[in-house]
Amino acid sequence: MDAQETGSVLPDLRAVATDMPIVAPMNEMFDGAGHPRPECSRVASYLLTMEARRLFELGERAHQMFQQMGVTFNHYGDAEGTERIFPFDPVPRIIPAVVWETIEAGLVQRVRALNAFLADIYGEGAILHEGIVPRDLIIGSPQFRHAAAGIKPRDNLFVIVAGIDLVRDADGRFLVLEDNLRTPSGVSYVLQNRVIMRRLFPELLRAQQVRCVENYPADLLAVLKETAPRDTRDPVVAVLTPGPYNSAFFEHVFLAQQMGIELVEGRDLVCSGHQLFMKTIYGLRRIDVLYRRVDDDYLDPVTFRPDSLLGVAGLTAAIRAGNVAVANAIGTGVADDKAVFAYTPAMIRFYLGEEPLLPIVETHLLRDPDECAMVLRDLDRYVIKPTGASGGYGVVIGPKASAEELAQLRARIMRDPAAYIAQPVVQLSVHPTLTRSSGEPPRLEPRHVDLRPFVLMGQKPRVLAGGLTRVALREGSLIVNSSQGGGSKDTWVLENGCSAG
Amino acid sequence: MLRRIAQQLFWAARYLERAQWRARLVDVNYNLLLEVPPRDADPWEALLAITGEAESFGAHHSRADERSVVNFYTLDRANPSSIRCCIETARGNLSSMRHQVPTEVWLEINRLYLDAMSWPADALALISIPGFFTTLRERFYAIGGVIQATMPRDLAFDFIETGTMLECADNVARLLDVKYHYLLPRLEDVGGADDNRQWATLLRSASSLEAFRQVYGNAMQADRVVELLLFNGDVPRTARFCADRIASALARIAGRYPESEGPDVEPGRLTTLLCGSSAAAVIHDGLHEYLLDFERECAALSNRVAAAYMVID
């Protein structure tokens, strides 16, 4: 299944980082001289005057609260106790208002361009005619859905919900690492983390004037209703989940609960007369919008994988007939393809006539012979990612690979260069994080972080203030994957004028 | 409401009620044995008969003694009807539809589940068996209380009520049946001290001993106990009380149908069985047959409800 959903909320940070720093990473709380940055001064002094033991206890309390609330994710290949808690670090990450303003504008700009791109390639294909994006790259992408050609979502919004992964480099610049435009997950942790933080640090939260996040479900429902293909006064919206065994199942339940709508599985649905219905105790009830957390491939056994039980037969035809909308639309995956990623700045210029506000991590397409030759010369300085895979599969980090691994990689690249991209190693920023190695007293140590903000696109864009900060809890580790010691932090975007604590 | 959700709510409620009845039965039997050891009728065997699980117990155990039966009913991960497994199943059902019940209900049930997962494998490792059951009973009351206190009287509530009351009615019938059929095989013992003590125990299992004394005073008589547990509609955990609530829940479910024509399940014979009879009559005609009939009706009604509102084709 789609790594955006099953591979968790967790990107492959290892793909962009190394624990052999070339330059020192940026510390988000303290400057080079060890002084707290202005926006962090209040939190820093609060934490520094608090005994580590006390902070540790708060961390433990947070863990218990997550367990009591049943905020868990399912972990595959784990015989006993498949429910796990996504580890939570009680030290918040602070983003001052002025920094956030730029990020927010950059995110909106980016998702606008990506939507224009999707409308274009499933429509007239101007960007392909112009030769700005190679046609074969799009048509040949495993994520390109011929079934989506000619389907026009309302307002041309293919992507209603986007999760854009950002990293911060040694200079403190936010860079886009990748886009998640299919079924991005993790937003429930953002909301739950804040619930926990309110209980742990009420006075600190109040003093800092942190922008609230709890409007997200209402905003999500609003944009979902706006995508309804027919004019009904109150469109019926449902969340489609693959079911309790999906790793993000808690989030599906949570969002349905918060939006006050039904959570359906494929077996609850039926298509009839090109309309979508759910099976209720009083008979069939029509659905106008499906917020689906099931990947394209499994959505409709008539159009896609015939063996899928997770979707409903005839859905694509119902969408095409204009009787139901799914969000995100079918076929958005082509726009978050790793090779297509390299063209996103060009898309922003082409569709919006603007310069990108958020730079992307430099990306080399090895299908280009010059780029390929350049990368092969210094293979050990790049991160190499296969374009066709997601979830970190097949990623090789040059500086950490053995000579033998590099030789094998070189052979694979030369055999099929178009199947790979290369990115330079980015030195991810670090953030003070509570460590709990056994036998030692708890301490605050710098740990690598990234950020996944969430963007909602409706008649107007809405960006969740902050997003999910993921942290690699193990020393030196750059892997924030929860199965390998990754966790999350609450992200505090400060209100205007409150940046100087 | 989705048919799948209706089904999951109904069964979550049944499993919780079943767990609660298991706890009552084991607790009361355990306490009974603290004072006077059984003469010949083994209460642990009787317990297995009540729940209809002598066979599945026998598959894993050679002897029904206190330890093996308490473990079987309470902690056994291999017994799907053990208290631990019932709680796990109910919580599993509920966790996939948390959005249908108030958060407080979920938190309370999840709390019990987390406890149940940390219970030992052997009852002898419990600090105190009576203390364990006292706490457990309080937890079940807390869950029932939070359901009553927080749930809107909507479809979710009605399906929970239907499931709870059907499971409860079935358990009352089984409880009575065992006492009548298995516990006291010898006619000359009827009315004796042991007999009375067993009836009192049975009433205590249903938390109805105090209600019985309020209605009938101290004179323990078989037909009065039968009358109370089957036909008194005022006392919780009697067959009549449950049947009345099932009938109103089903009527509310049908009444919410947006159009006039819709599925409509009526308790039918379950009500007829309880309304047209008296304790004297059913005892005269054969209580065991009557109770078997009643249990069959409970199962049949459960199937009718499932066919009308739950089965997904």
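Two strands count as paired when DSSP finds at least two bridges between them. That criterion is needed at the first stop of this tour, which goes through a predicted model.

**Stop 1: the sheet in chain A**

Select strand 13 and strand 16 (residues 420-424) of chain A. Two bridges join these strands, which run antiparallel, so the pair meets the requirement of at least two bridges. For one residue pair to display, pick Leu365(A): its bridge partner in strand 16 of chain A is Ile421(A).

Now extend the selection to the whole sheet. It is an open sheet of four strands in chain A, in the order 13-16-14-15, and the pairing is antiparallel. Strand 13 (364-365) and strand 15 (396-397) of chain A are the edge strands, each of them pairing on one side only. In general, strands of a sheet pair through backbone hydrogen bonds, either parallel or antiparallel.

**Stop 2: chain A as a whole**

The chain holds 13 helices and 22 strands. Of its 501 residues, 50% count as buried. Among the contacts in chain A with a separation of 6 or more, 72% are between residues 24 or more positions apart.

**Stop 3: chain B as a whole**

Switch to chain B, which has 15 helices and zero strands. Its radius of gyration is 19 Å, close to the 20 Å that the globule rule gives for 313 residues, so chain B is as compact as a globular protein of that length. The C-alpha trace of chain B spans about 60 × 50 × 35 Å along its principal axes. Colour by burial, and 47% of the 313 residues in chain B come up as buried. Of the contacts in chain B with a separation of 6 or more, 69% join residues 24 or more positions apart.

**Stop 4: helix 6 of chain B**

Select residues 103-118 of chain B, which form helix 6. At 1.5 Å a residue, its 16 residues should span 22 Å, and the end C-alpha atoms are 23 Å apart, which agrees.

Which residues of helix 6 of chain B are buried? They are Val105(B), Trp106(B), Glu108(B), Ile109(B), Leu112(B), Tyr113(B) and Ala116(B). Look down the helix axis: these buried residues fall within an arc of 165°, so they line one face of helix 6 of chain B. They pack against helix 5 (83-95) and helix 7 (129-150) of chain B. On the face turned away from the buried side, find the exposed residues Met117(B) and Ser118(B).

**Stop 5: where chain B touches chain A**

Bring both chains back into view. The contact takes 20 residues from chain B and 18 residues from chain A. On the chain B side, the elements giving two or more residues are helix 1 (3-35) and helix 6. Helix 6 of chain B gives the most, with five residues. By type, the chain B side divides into eleven nonpolar, five polar and four charged residues.

**Stop 6: Phe212(B)**

Finish at Phe212(B), in helix 10 (residues 209-216) of chain B. Is this residue buried or exposed? With 24 C-beta neighbours inside 10 Å, Phe212(B) counts as buried, because the cut-off for a buried residue is 20 or more. Leaving aside neighbours within four places in sequence, Phe212(B) is in contact with Leu203(B), Val225(B) and Leu228(B). To check one of these, draw a distance from Phe212(B) to Val225(B): the two are 13 residues apart along the chain, and their C-alpha atoms are separated by 7.5 Å.

Key. Residues numbered from 1 in each chain as written. Chains lettered and ligands numbered in written order. Predicted model: local features only at pLDDT ≥ 70, side-chain atom pairs only at ≥ 80, totals over all residues. Expected span 1.5 Å × (residues − 1). Buried ≥ 20, exposed ≤ 12 C-beta atoms within 10 Å, placed from the backbone. Arc of directions from axis to C-beta. Contact = placed C-beta atoms within 7 Å. Nonpolar A, V, L, I, M, F, W, Y, C, P; charged D, E, K, R; others polar. Rg over C-alpha atoms; globule rule 2.2 N^0.38 Å.
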